[in-house]
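This report looks at selected side-chain pairings and surfaces, and it is meant to be read with the structure in view.

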Amino acid sequence: MRETLADLARRLGGLALTMLVVSFLVFLTLEFNVEGVAVKVLGQFSTPDQRQAWLSENGYLDPFAIRYLRWLLDFVRGHWGTSTYYHEDILKLILPRLGASAILAGGGLLVMIPMSLILGVAAGAKEGSALDRSISLVSIITTSIPEFATAVFLSAVFVIGLGWLPGVSTMAAGLSLRELILPVSVLALASTGYIARMTRASMAEVMAQPYIRMARLKGASPARIILAHALRNALITPVTVIMLQIPWILSGVIVVEVFFAYRGFGTLLYQASLNADVYLVEACAMVSVLTVVVSQTIADLIYVRLDPRLSPGGGRHS
Amino acid sequence: MAEPILRVEHLSIALPAGGDRAHAVEDVSLTVHRGEIVCVVGESGSGKSMLAGAVMGAIPGDLARTAGRIRLGEIDLTALSEPELRQIRGNRVAMIPQEPMAALNPVVRVGRQIEEVFALHTKLSAQERSIRALGLLADMHLSDPERIARSYPSQLSGGQCQRVVIAMALAMEPDLLIADEPTTALDVTTQAQILKLIRDLRETHGHGILFITHDVGVVAEIADRVLVMRRGQLVEAGEARQVLTAPTHPYTRELMAAAPSMTPPPHRPVVGEHALVARGLTKIYGARQALGGVDLEIRRGETLAVVGESGSGKSTLARILVRVIAASAGEARVAGVDMLALKGDALREARCAVQMVFQDPFGSLNPRRRVGDMIVRAGVLAGAKPAEARARAEELLELVGLSKAAFHRRPAAFSGGQRQRIGIARALAANPDLLIADESVSALDVSVQAQILDLLRDLQDRLGLAILFITHDLRVAAQMGHRIAVMQHGVVVETGPAAEVLTRPAHPYTQALLAAAPGRELGTATVVG
C-alpha cells in the first residue's frame, strides 16, 4: 500500500514536471516577442504609441522570468485571460467546447474499443486463418483511408444519396444523436482498424507462448484458453494505443470537427490559430498537453493492473 | 512386470513436404509401465518433444499423426475426439514442461493456476480447490505454501516455479507423467533436488514417467530404461545400465563419447606471461553486491574456467572485463594496461584486446549482414586496413573450420554450431589477448559442443590465447579449464588447478556442486571405457 502511494506520488510529480516544462515552452514560443503579442492583441493597424502604452499597462515591460511566473500563477488559478477574437473569458469558452469534444470522443471510443478488441482477438487467436486474413485486410483498408475522404464518402452516401442523416453537426438545437452518428463513424473507422491490428499482433504473440500450450496440456478448452489465459496478457499493448488515441481524438481530429461544423475543441483551436488569438492558443495547447499526460498516466496505472510484473512491489522478492 | 500404462505402437508423424526429412517421428514403438522411468534421449530435432506432444494428444503446429496407435491403459488416445482428449489431458496424463517460468501465466497467481486443474477436471468447490492446491505445494517441499500460492511466477525462482508446475501435473494423480527436459533451465543443485523429487514420486505414487532429455548425465541419474532417438527414429532401447555402459548402436556410442567427462585431461603447466591480472573487481547495484572483490589472473595459453550458478556474478564479471558495465571498484590489467581506467579513444583501441563469444548463437549475429563482412568489420575496428582485414577474415573462416563459401552468406544459412564458429572467428579478427567465452557452448547439442570445445583448444594451442571460460556445467569446465574458479554470491570461493578442484574440493560449496552434478559414475565409466 505504501509502495502504491509512493508510486502514485512519483507519477503525479512527473506529470506536474512535464506540464511545467511544456508551459515554459508554450510561453517562450508565443510571448517571448512582446511586440508580436501587442500586434496580435491590438491588431496590425495599431500605432507604435498605442502598442507601447498597452505593453507597459499590462506589465509586458517586466523581465521575461517575472512575466512567465505571473502567467503561470494566473493559469493555475484559472485566470486564462480573454480571447482577442471571441472577446470572451477563455475558461468559459473552452469548457463547453471540451465537453462537446468529449462527447464526440466518448462516442468514438465506445464504438472503436469493443469492435477493435473483438476483431483483433478473433484474428490473433488463430494466426493465418481465413478469418485472420479477412479482418487484417479490412483493417488495412479502413486505416489507409484518411478521415476527410471517409467523411466525404459517408456524407455522399448517407446525406446526399439516402438522405438519412444530417450533413452538419452544429448541435444548434441541443445534443442530437442523429447529428453525432456521422462524425463518430468517421473517427471509429479511422482508428478501429489500427487498434485491431495492434491487438491482433499482440494476441498472436501471446498465443505462441509456452503458458498457452501448458493451458492446453492441462485440458483447457480453446475458449477458456483465450478468455482465462491469453486475453489479459494480450491487452497490454492495445491499452497503450487506445490511451494514445484519446488526446488525438480530442485535439487532433480537427478535420472531422471542421468538416461537420461540430463546435468542439478542435474547431476552437483551429479558429484560434487562424486568428492569431495568442491567449486562446496558449490555453488550448496547455489543455491538449494535460489530456496527453493524464491519459498516459491512466494507461500506466492500467498496465500495472493487467501485469503484476510492473507493479512497484511486483518484481522479484530478492 | 508391472502393468503397462502407455503403449505407443508404430507411431509416425509426417513433416510438411520440403523439410529435411519426411517424418518428425517415424515408426516409434515404446511401453511405459507403472512405477517406471523411461528416458527418451536425443539431440535437438530428434523428434523427442514431438513424441511427447503426441502422447498428450496435442501435436504442436499443423502436423498430424499418419500412422500408429497410442494406448493409455485401456484407452486408445488416437480414437478420441478433441473434447474427449481434453478430459484426459492434465487428468490421466500430465506434462512437466521444459521452462517452468515460461509455462506459468505471468499475470495469474500460481495458486490459481494449480486450482485451474481441479476446476477443469473435478466438481470441487472453490474452497476445496484452494485447500488441495496448498496441500500439493506443501507436498513439493515448498516452505510457506500460502505465500507461494499468492505469488506471481515472476516473484519465484526457477526451482520454485518447477515445483509449482510439478504440483500442477500431480493434481489429478495421473497414471502417466511426461517430463520434457524438466531440468534444462535449472541450476545444477536445483536440478539435483528436482530429479530426487521425481524419483521419490515414482516410488511413493507409482506413476509411469516418460522423461525426455538431451543430457546423458541426467539419464544416468534417473532412468530405468533408455530409448535413444535420432532423426525421428528409435535407434536403441534397453535397460539404463546396459545402454549407458555397453551401447550397441554407433550413434549411441557417439552420444556417450561426446558427453564431457568429469575427469580433466592431463595438462602441461602453463608458464607464459599474464594476459589478465584483475584485482578487487566489485560491482554494487543499490543495496545488492553482484561482485564482491574478485581477483583473477590468466596466463597466455591458459584457460581459466569460471563455474557458478545463476546469480553467482560470473556474467557480471565478463561484462565488466569488456567494459559493457562499469565496475564499482577494482582494476583489470590486460597486457599491462588497466582496462577499467581507460576512456574515449584509448578505451576504443584497447577494447580489441578483450573479445567475447556469446551464449546465444542466434541472437549474437546480425541476421542482415554477411558473415564475411562481419568478420572484416571486426578487423577494421581493431585497426587493420580493409584489404588486410579481408585476407585475415578468409583465413579465420578456414581456421574455425568453415568453407570459403561462408564468406558471402548470411547467418540464417548456418546451424547453431556453425554460428558459434562464426562468432569465434569474429572475436579473433581483433587479435585479442583475452577471449571471454560466456556460456558459449550451453545452447549446443553435446556432439556439436564437443567440436566447439576441440576448436577452442586447438586455437589456443596455435595462437597462445588466454581464455576466460564461463560455464554452469562442471563437466565442460573440467574439459576446458587448466584452472577452475568457483563463484558463489559474487565471490570466488575456490580456485586451483582443474584436477585439484574436482578431486579434492576444499570449499563446501564446491563439494555441493560436485555432489549435485548428474551422472558422476557415468563420467568415470566413460574415461575407463
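## A buried pair in chain A

In this predicted model, A:D132 and A:R200 are both buried. Their side chains meet in a salt bridge, with 2.5 Å from N to O. Because A:D132 belongs to helix α6 (residues 130–144) of chain A and A:R200 to helix α8 (residues 177–207) of chain A, the pair ties together parts that are 68 residues apart in sequence.

## Other salt bridges

Over all chains, the structure holds 32 salt bridges. One of them joins the side chains of A:K218 and B:E116 at 2.7 Å, N to O, and this pair crosses between chains, from the loop between α9 (210–217) and α10 (222–234) of chain A to helix α4 (residues 110–121) of chain B. A:K218 counts as buried because its relative accessibility is 5%, and B:E116, at 5% relative accessibility, also counts as buried.

Within chain B, the side chains of B:R279 and B:E297 meet in a salt bridge of 3.1 Å, N to O. B:R279 lies in strand β11 (residues 274–285) and B:E297 in strand β12 (residues 288–299), so this pair ties together parts that are 18 residues apart in sequence. B:R279 counts as partly exposed at 36% relative accessibility, and B:E297 is partly exposed with a relative accessible area of 28%.

## Helix sides and surface

In helix α11 (residues 250–258) of chain B, the buried residues include B:Y251, B:T252, B:L255, B:M256 and B:A258. They cover an arc of only 165 degrees around the axis, which puts them on the same side of α11(B).

In chain A, a nonpolar surface patch of about 650 Å² is made by A:L17, A:L20, A:V21, A:F24, A:L25, A:L28 and A:F32. Of these, A:L25 is found in helix α1 (residues 2–31) of chain A, and A:L25 counts as partly exposed at 46% relative accessibility.

Methods. Residues are numbered from 1 along each chain as its sequence is written. Chains are lettered from A and ligands numbered from 1 in the order in which they are written. This is a predicted model: local features need pLDDT of at least 70, side-chain atom pairs count only at pLDDT 80 or more; totals for chains, interfaces and linings use all residues. Side-chain values use heavy atoms; hydrogens and water are left out. Buried means under 20% relative accessible area, exposed over 50%, partly exposed in between (1.4 Å probe, protein chains only). Helices (H or I, at least four residues) and strands (E, at least two) are DSSP runs, numbered from the N terminus. The arc is that of the directions from the helix axis to the C-beta atoms. Patches are made of residues with over 30% relative accessible area and no salt bridge: like charges are joined within 9 Å, nonpolar side chains (Val, Leu, Ile, Met, Phe, Trp, Tyr) within 5 Å. Accessible areas come from the Shrake-Rupley method with a 1.4 Å probe; for residues, only the protein chains shown count as cover. A salt bridge is a side-chain nitrogen of Lys or Arg within 4 Å of a carboxyl oxygen of Asp or Glu.
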